[in-house]
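Please look at how the parts of this chain are held against one another. The account below goes from the domains to individual charged pairs.

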Amino acid sequence: MKVAIIGTGYVGLPTGVGLAELGHDVVCIDREPSKIERLKTGQVTLFEEGLSELLTRNMAAGRISFSTSMAQGVKEAQVVLIAVGTPSHPVTHEADLRYVYEAATELAYCLKDHDYTVIATKSTVPVGTGDNIESLMAKISPNLKVDVVSLPEFLREGYAVHDFFYPDRIVIGANSERARDTLKELYAPLLAQSPKTQLLCVKRRSSETIKYAANSFLATKIHFINEMADFCEHTGADIAEVAQGMGLDHRIGPSFLQPGPGFGGSCFPKDTLALYYMAHHNGLELSLVKATIDGNQKRMEQMAARIRAALERSESAPRCLAVLGLAFKNGTDDCRTSPALQILKAVLKSERDLQVRVFDPEAMGKAQELLQDYAARITYCVSELEACTGADVLAVLTEWPQFAALNLAEIAHVMRGTQIVDCRNLLDAKQAQELGLSYQAIGR
Ligand code: NAD
């Protein structure tokens, strides 16, 4: 099938490359010329395991191309996927649908003389957005032959390639049978090779809601285990053992039971807020979602306070903090709403003389852009060991597996101080103690 994707970011690019790998003829469209220029030369614009190889293979096979022109990109498309950002509105905190409506507006002009096209929204959008897109497009081009479908994306950053080919489910929210059948045809090769994937066809409004409900539930699970970690710290229980005991119950499951510094990234924070405000506008109070949003904010402040307290135990001046991990989670270079950056900024704000040495295996470039205000006080290092050299305190903020394999004897040797605040429970507590380090983990 001929497919166009509007928005070539963390969702659009893996989706485009994946659809090409399934044999479809794909055009990825983005309004950022620098992104498209790089992609045209075969360079990926974000870090995802396996994506680069897949892109190279499909470009060579002529199944994927890139364009900044929507008119050009959607020319022959039978399906157009909208995968633009839906960030939190800075004032209202609702989902900002500006990019979605801009794309839909342009699309209405581009598809004027087209045969039937399915427009599927991959972007996470509030319930009723499909209806709004439909009427907006009809106003611009009354004779459009389109169906608007909700096709929410559930991929996990860091596993985007895997999750594209082996998703738990594909949800199609279509109010028209023709649109549903077109999307079933699009995903037929994937379903043939991934027998465990469930295809769920629902009403468009249900599909839009599923995405917010799923993300808010997962965020709540994280918030819950973080609160349990606090509970364990006060009672002498060990959160790892508690989480294991909980997770063995198949009704609960082991995922999302790792305590940490709070959830972040480009989805959970904005989607929980958007759901809360969506409900609010409908006269409903989602108290659990609200508690999760507020609790998560407090969590990051709590982690910043721990790091400050560890710094205060050092008598050096100026003090030096080593930070391992900047991305919002491992496996990605995405730093949007990263707990690591929020915690680091909070500490930098209050500790005015503090010098910071940071290392992240993939996210240094993106973090640097977001930490510009503190550039003079941050040194970007090439390794964990370099970051720890001369540090009074070490804070582990992202769960990169390679941090768990660090040689703590070497770390202890190069650090000036002895304090470690491990917000991901990655390091070997026993070894740290044997080395005379003051090691603080979570929930133990
Ligand atoms: P992103 O910011 O990485 O990418 C969006 C891209 O769209 C950008 O490159 C931007 O230049 C482009 N764009 C915006 N308006 C455009 C227009 N009119 N024409 C062409 N290009 C345009 O965003 P993302 O992380 O890929 O997220 C996209 C959507 O998918 C969001 O709604 C998000 O909530 C949802 N989602 C994201 C993830 C994730 O893990 N990132 C997972 C599931 C769902």
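Predicted model: local features only at pLDDT ≥ 70, side-chain atom pairs only at ≥ 80, totals over all residues.

The domain assignment divides the chain into domain 1, residues 2–202, and domain 2, residues 212–294. The C-alpha centres of these two domains are 29 Å apart. At their interface, 13 residues of domain 1 are in contact with ten residues of domain 2.

The size of an interface is often given as the accessible area lost when the parts come together. For domain 1 and domain 2 this buried area is about 880 Å², with 59% of it on carbon and sulfur atoms. On the side of domain 1, 42% of the area buried against domain 2 is supplied by His93, Glu94 and Thr124, more than by any other three residues.

Which polar links cross the interface of domain 1 and domain 2? Four residue pairs are in polar contact there, while the count of salt bridges between the two domains is zero. By class, the side of domain 1 that touches domain 2 consists of five nonpolar, five polar and three charged residues.

Salt bridges do occur elsewhere: a search of the whole structure finds 22. One of them pairs Lys122 with Glu153, whose closest N and O atoms are 3.1 Å apart. Lys122 sits in the loop between β5 (117–121) and α6 (129–140), and Glu153 in the loop between β6 (146–150) and α7 (160–165), so that the pair links parts of the chain 31 residues apart. Lys122 is buried because its relative accessible area, 5%, is under the 20% limit. Glu153 also counts as buried, at 14% relative accessibility.

A second salt bridge joins the side chains of Asp230 and Arg299, at 3.0 Å from N to O. Asp230 belongs to helix α9 (residues 204–235) and Arg299 to helix α12 (residues 287–312), so this pair ties together parts that are 69 residues apart in sequence. Arg299 counts as buried, with 3% relative accessibility.

Arg416 lies in the loop between α17 (408–414) and β13 (419–422), whereas Asp392 lies in the loop between α15 (384–388) and β12 (393–396); the two residues are 24 residues apart.

Terms used:
Residues numbered from 1 in each chain as written. Heavy atoms only, no water. Domains from an automatic or database assignment. Contact = heavy atoms within 4.5 Å. Buried area = accessible area lost by both parts, 1.4 Å probe. Salt bridge = Lys/Arg side-chain N within 4 Å of Asp/Glu carboxyl O. Polar contact = N/O pair within 3.5 Å; in protein donor to acceptor, adjacent residues only side chain to side chain. Nonpolar A, V, L, I, M, F, W, Y, C, P; charged D, E, K, R; others polar. Helix = DSSP H or I, 4+ residues; strand = E, 2+ residues; numbered from the N terminus. Buried < 20%, exposed > 50% of the residue type's maximum accessible area, 1.4 Å probe, protein only.
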